[in-house]
Structure formats: structure tokens, C-alpha cells
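Open the model in your viewer and keep the selection panel at hand. The stops below say what to select and what is there.

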Amino acid sequence: MYRSEHILKGLSNQYYRATYKSMGFTTEDLKRPIIGIANAWSECVPGHYNLRQVAQRVKDGIYRAGGTPIEFGVIGGCDGMGQGHDGMHFIMPSRELIANSIESMAQINLFDGLVLLGSCDKIVPGMLMAALRLNIPSIFCSGGPMLPGCVNGSRVALTNAFEAPAAVLSGKMDEATAEAIADGACPGCGSCAGMFTANSMNCMTEILGLALAGNGTVPAVDSHRIRLAKRTGMWIMELVKRDLRPRSIVTDKAIKNALVC
């Protein structure tokens, strides 16, 4: 029996049906496995700016494979945006808030499976913590890494923007060049180009077996990212069918392998 079937057959049956039907779900929808989509989309973080599109393709994959997707929002802060002011004190605690909120929503709604959508810094670890706590079939999908920028014919990335102020102060760079680097270092959506927490954790998630191949490397703006999202939606249904759970995947052996990689 699916987790969601316990609600359909329990005392809260009519409220459960009525609530979801008020949002357009049909009786047939509710007979399918219910898959929660934890989406950390926002306009605050470039790595998450494209997650609406990613979420839609995940939903397409879930529905195509026989499930019913139900999306909910999750907070997500960028480490870089929190530097140099009081926001620095909120970045690490946000990881626990993310994990707690996903765990709460999954248990309240008795989701049969979970797809986690995030890209950056503490959001990815927070989502993985939730998956392992819940231990229901779960899979992760990021929005993908950002492409490098281009300034005066040369590739630039966020590291160049970090270094530019010091270069100006030391007389190694003029302010106009520094301004050009700031304008061109982050050319679009995606987790910032560089092996910072975001991209390293997205690669680590793939190595641990909680994301499909390409999760950490397919660029955010590449059409392969959209196809990966659809396959992720289809694959969560396979995990539900097999009852394959995160703690069966993230073993001591898998963690040691990830550390070696």
C-alpha cells in the first residue's frame, strides 16, 4: 500500500479528497502514487532562477510514469549573498530549516516519493539531510551550473569577481576593468561557475547515487538539463515501485567512494 493510500482509506479520507479536488486534482490523480516536489525556486539566487522550468519537466516525467506530482516551496539562500554582513549568521542555520520544512511537508502529506530541486550551497545539503531523515524514495535534481562569462575576449567566472577589488586596491587593475568583470562574470542562471559548495555538492549528490548522471555537470541553459529533469521525474516512479530508499543507497561504502572521488 502506498503511503498516500493510508489517507484515502483512513478517517481523513473525505477531507483529503475534497482538499485536493479543490485544486483541480481528479479521483484518478489521487489513486496514483503522490510525489512531492520540494522546489527552492526564488529570484534571490541565480542557481535557482530556472527551477520553475525544471520543476515543470519533472512533473511531466512523473505524470508520464504513472504518478501525481504535488509541488511545494522551500527557502534557499546563497552563501555569496550572505557574506560581509549579518546574513552570514543565517546561512548555516538555514540548512536545518530547509531539512525540517521538507521533512514536515512530506510527513504531513504522506508523500509516496520525493523529488528535491535545488542548486546552491547549503540548500543541497539541507535537502539531502531531509531525504535521509525521511527515508522514503527520493531523488535530487539541480538547476545546473552557470556558464562562464566573457570579458574582453577572455573567460571569467565568479573567482575573478572576488579577486577584482583586491587587484584594484593593489594597483594591478583599473576600476573600469573590475566593473566589466563584475558585469560579465555571471552571464545567466545556474549555480556560480567554480567548484564552490554548490557545484561540488551537486557532483557529490550524483556520486552518492541520489541524482542521475549529469546532475552536477550539465549547464543550466543546456537543453540536456530539461531532459534530465524529465528523466528524474520518471525515475522517481521507478524508485517508488522498487521501494528503493535513500538509506539503502547512501551506505558507508558509497560515502567512502564519494570521498575518494
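Start with Asp243, which is partly exposed because its relative accessible area is 43%. The model is a predicted one. Asp243 sits in the loop between α10 (223–242) and α11 (246–249). Check its backbone: phi is positive, about 55 degrees, although the residue is not a glycine. Arg245 and Asp243 form a salt bridge, with the closest N and O atoms 2.8 Å apart. Arg245 has 30% relative accessibility and therefore counts as partly exposed.

Next, go to Leu110, in the loop between α5 (88–109) and β3 (113–117). Leu110 is not a glycine either, yet it has a positive phi of about 50 degrees. Its relative accessibility is 23%, so Leu110 counts as partly exposed.

Then select Arg95, Glu96, Glu103 and Arg133 together. Salt bridges link these four residues in a network. Within it, Glu96 pairs with Arg95, the closest N and O atoms being 3.7 Å apart. Glu96 is partly exposed at 31% relative accessible area, and Arg95 is partly exposed at 26%. Glu103 and Arg133 also meet through their side chains in a salt bridge, 3.4 Å from N to O. Which helices does the Glu103 and Arg133 pair tie together? Glu103 is in helix α5 and Arg133 in helix α6 (residues 123–134), so the pair ties together parts 30 residues apart in sequence. Glu103, at 24% relative accessibility, counts as partly exposed; Arg133, at 31%, is also partly exposed. By the rule used here, the model has a count of 8 salt bridges.

Move to helix α2 (residues 13–21) and select Asn13, Tyr16 and Tyr20, which are buried. Look down the helix axis: the buried residues of α2 fall within an arc of 70 degrees, so they line one face of the helix.

Now select Asp174, Glu175, Glu179 and Asp183, which form a negative surface patch. Asp174 is placed in the loop between α7 (158–169) and α8 (175–184). With 44% relative accessibility, Asp174 counts as partly exposed.

For the last stop, pick Ala167 in helix α7. Is Ala167 buried or exposed? Ala167 counts as buried because its relative accessibility is 14%. Finish with a distance label from Ala167 to Met234: the two are 67 residues apart in sequence and 48 Å apart in space, C-alpha to C-alpha.

Definitions and conventions:
Residues numbered from 1 in each chain as written. Predicted model: local features only at pLDDT ≥ 70, side-chain atom pairs only at ≥ 80, totals over all residues. Heavy atoms only, no water. Patch = residues over 30% accessible without salt bridge, like charges linked within 9 Å, V, L, I, M, F, W, Y side chains within 5 Å. Areas by Shrake-Rupley, 256 points an atom, 1.4 Å probe, with all protein chains shown as cover. Lys, Arg positive; Asp, Glu negative; His and termini not counted. Charge placed at Lys NZ, Arg CZ, Asp CG, Glu CD. Helix = DSSP H or I, 4+ residues; strand = E, 2+ residues; numbered from the N terminus. Buried < 20%, exposed > 50% of the residue type's maximum accessible area, 1.4 Å probe, protein only. Arc of directions from axis to C-beta.
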